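Here is a short briefing to read alongside the structure.

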Amino acid sequence: MNTLQIENITKTYPNGVHALSNVSLKINNGLFGLLGPNGAGKSSLMRTIACLQEPSKGAITFNDVNILQNPQKLRSSLGYLPQEFGVYPKISAYKLLDHLAILKGIIHKKDRKTQVEALLAQTNLYQHRKKSVYNFSGGMKQRFGIAQALLGNPQLIIVDEPTAGLDPEERNRFLNLLSEIGENVIVILSTHIVDDVSDLCKQMAILSKGEIIAQGKPSALIKSLEGKIWTKKISKNNLISHKKAFNIISTKLVAGMTQIRVIAKNQPEASFKAIAPNLEDYYFSSIQQASINKTL
């Protein structure tokens, strides 16, 4: 069992931006979802865990090794797919992955060939191995990104906003691949897409403005809102008045009407009906409450 322990990580950049504030998490094998809006500090946290930047304060241990003091210990066990991984030379997928394997220290030619071919097959790219990655579709490039992240059999894999821009079919294929990979290693899925976390992750945390505002099992977090989510459809012209009267956590346009979802302990008024909560409700209500707490 692998264990990543993050304790009170704070990051302030030289320009004065406070990206992270006392972030603490304990992550074991499986898919862990880090959910948060753009600008929440997710990429800053991922880069810090990956030893690409040092925190201003705090500690990180991986399998009881202090990785801030011994970053090479982590790098030898790390697979990383950053948010921006789209610049490729015009060479074949096989040659590029083989080159990356050499850079990762897989020197023995036979071992390298076996691993490169296996990863291309696992990411459903073997039939495209002679094609230039430069000309791959967005989904194929993301799958290639995972293939390079898996070189060297890493025990900790970080993927930062991996499904942004993918079509539904490629997204499902990519998430299924992550799910398979996450059975025996730690996979941190950093995203602002709620469904990615809801569909896959056994554990999760929500990051907002550099702080962890919630963490736990998605199912348990959703259950905490049972009996508290109410909905109705209104005309767009009535949205402002309803925002003043009720605690609206989300809105959606449905057949020309605006469907609102409200959080309340009791039925707000007779026109509202109860609805089963989902992770999106928990996410939006948590972000909203954190924002209110900041202003108090």
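Strand 13 (residues 257–263) is mostly covered, with five of its seven residues buried. Here, buried means under 20% relative accessible area, exposed means over 50%, and partly exposed is in between (1.4 Å probe, protein chains only). This is a predicted model, in which local features need pLDDT of at least 70 and side-chain atom pairs count only at pLDDT 80 or more, while totals for chains, interfaces and linings use all residues. Residues are numbered from 1 along each chain as its sequence is written, and side-chain values use heavy atoms, with hydrogens and water left out.

**Strand 13 and its partners**

- Strand 11 (residues 229–234) runs antiparallel to strand 13, and six bridges join the two; strands are DSSP runs (E, at least two residues), helices are runs of H or I with at least four, and both are numbered from the N terminus.
- Two strands pair if DSSP finds at least two bridges between them.
- Within this pairing, Ile-229 stands opposite Ile-263 of strand 13.
- Strand 12 (residues 248–254) is also antiparallel to strand 13, joined by six bridges.
- Leu-253 has Thr-258 in strand 13 as its bridge partner.
- The hairpin of strand 12 and strand 13 has two residues between the strands, and Ala-255 takes a positive phi near 50° there.

**The largest pocket**

- The largest pocket holds about 440 Å³ of space.
- Its lining has 17 residues, and the closest to the pocket centre are Leu-52, Leu-78, Tyr-80, Lys-104 and Gln-148.
- A pocket is an open set of points on a 1 Å grid over the protein atoms alone where a 1.4 Å probe fits, with protein on both sides within 12 Å along at least five of seven lines; lining residues have an atom within 4 Å of a point.
- Helix 1 (42–49), strand 6 (78–81) and helix 3 (93–103) each give two or more residues to the lining of the largest pocket, and strand 6 gives the most, with three.
- Eight nonpolar, four polar and five charged residues make up the lining of the largest pocket.

**The second largest pocket**

- The second largest pocket has a volume of about 200 Å³.
- Among the residues lining the second largest pocket are Gln-115, Leu-119, Pro-154, Glu-180 and Val-185.
- Helix 4 (109–122) and helix 6 (168–181) each supply at least two lining residues of the second largest pocket, with the largest share, three residues, coming from helix 4.

Methods:
Points joined across faces, edges and corners; volume = space filled by probe spheres on them. Nonpolar A, V, L, I, M, F, W, Y, C, P; charged D, E, K, R; others polar.
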